[in-house]
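Please read this briefing alongside the sequence and the coordinates.

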Amino acid sequence: MDSRRDFLQTLSASILALSIPQHSFASIEGFYSQPYDGPVLRVAIMGLGSYGTRVAEAMQDCKMAKLVGLISGTPSKIKNWQSKYNIPEKNCYNYENFDLIKDNPDIDAVYVITPNSLHHDQVIRVAKAGKHVICEKPMALNAKEGQEMIDACRKANVKLLVGYRMHFEPKTLEVIRMRKEGELGKIMFFQGLCGFKIGDPTQWRLNKQLAGGGSLMDIGIYAINGARYLVGEEPVWVTAQETKTNPEKFKEGVDESIQFQLGFPGGAVASCLSSYNISNLDRFFLTAEKGFAEMQPSTGYGPIKGRTNKGELNHPHATHQTVQMEKMAGIILNGDTSLVPVDGEEGLKDLKIIDAIYLAVKTGKKVPLKL
């Protein structure tokens, strides 16, 4: 965005175009045209890598969320971020001592943006410190871990949200609205394609111990989640097949490409592909008895492009992470709701499906699902 004003005008227009007032601020136009003096969610980011950087940049345009703290194992990163975002020393922690945030009244929530295998323990520690948690997806390595995280946050009476930025994206929400209001008719088929050629073979995403898997854990989850919110039902079975052409790069337990199929109680089926070795895969396609919807790119950082049987989707683009953090601040501070949930239970459902996909790959059998 060229300026804060441009961003606010774009965000206002995009959400107004959706006409979903229950899931927006009471008056978006009024909210952004006046100075905001309401509550602000004070957030510490844990994990100062590339995506943490993206979130921090996006939060500079937020009104209801503010970056106030840092948690990292790299002192040089903390120093750089302190200077850039004006973070006081007392709000900076490392991975060994961040439990001390329990005594810091200036931090309300922690956004965990670390490798997948670290989420479970870190989220539970944040919850025990009495702070709300936003956890990047996948929420955990498996459903067992995910349930333990939900239980810990419930016991501590803190909220657990998952970084599903697409749940607030205007074009995505318009397709969901069309489906919910019956404009598309009975849903018949969904296709989700998610993939790119991954680079550096030494990165954590190709390390089984840190990532918990391969492409499915990273980008395949978009197709899983997208199938659920676009079809509008929970799948009842899954089948899956893995393809590996480079076992040197994609070692045991790190999937290169997985095709998977989901069956839904209403009769719809989904066919999805997740790959770390095929480029230009970022497409959702939904077809129904009375219409269709296609988005390509469908889950990238934007702008998302889409069309339906009624024509192009022209909602203005707004930075996903800015909208996400504004909306999550509303959920935590005001008890707001979102059209598509972003809570721990939502993350757990995706983990159950991931578990089932890996089981289907291993056994070659159709695996029943009960979400």
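Is helix 7 (residues 170–180) mostly covered or mostly uncovered? Helix 7 is mostly covered, with 10 of its 11 residues buried, where buried means under 20% relative accessible area (1.4 Å probe, protein chains only). This is a predicted model, in which local features need pLDDT of at least 70 and side-chain atom pairs count only at pLDDT 80 or more, while totals for chains, interfaces and linings use all residues. Residues are numbered from 1 along each chain as its sequence is written, and side-chain values use heavy atoms, with hydrogens and water left out. Helices (H or I, at least four residues) and strands (E, at least two) are DSSP runs, numbered from the N terminus.

**Helix 7 and its ends**
- The buried residues of helix 7 are P170, K171, T172, L173, E174, V175, I176, R177, M178 and R179.
- At the N-terminal end, helix 7 is capped by E169, which has a side-chain oxygen 3.1 Å from the backbone nitrogen of K171.
- Just after helix 7, a positive phi of about 80° is found at G182.

**Helix 3 against helix 4**
- The axes of helix 3 (residues 50–59) and helix 4 (residues 75–85) come within 12 Å and cross at roughly 15°, axes being lines fitted to C-alpha atoms, for helices over the stretch in contact, with angles from 0 to 180 degrees between N-to-C directions.
- Helix 3 and helix 4 are therefore roughly parallel to each other, a term for angles under 35 degrees.
- On the helix 3 side, G52, T53, A56 and E57 meet W81, K84 and Y85 of helix 4, contact meaning heavy atoms within 4.5 Å.
- The residues of this contact divide into 3 nonpolar, 2 polar and 2 charged.

**Helix 3 against helix 10**
- The axes of helix 3 and helix 10 (residues 320–334) come within 8 Å and cross at roughly 70°.
- From helix 3, Y51, R54, V55, A58 and M59 meet Q321, T322, Q324 and M325 in helix 10.
- The residues of the contact of helix 3 with helix 10 divide into 5 nonpolar, 3 polar and 1 charged.

**T239 in strand 8**
- T239 belongs to strand 8 (residues 237–243), and T239 is buried, with a relative accessible area of 19%.
- The side chains of T239 and Q261 are joined by a polar contact of 2.6 Å.
- Leaving aside residues up to four places away in sequence, T239 touches Q259, F260, Q261, A360 and K366.
- A polar contact is a pair of N or O atoms within 3.5 Å; within protein, one must be able to donate a hydrogen and the other to accept it, and residues adjacent in sequence count only if both atoms are side-chain atoms.

Technical notes:
Buried < 20%, exposed > 50% of the residue type's maximum accessible area, 1.4 Å probe, protein only. Parallel < 35°, antiparallel > 145°, perpendicular 65-115°, else oblique. Nonpolar A, V, L, I, M, F, W, Y, C, P; charged D, E, K, R; others polar.
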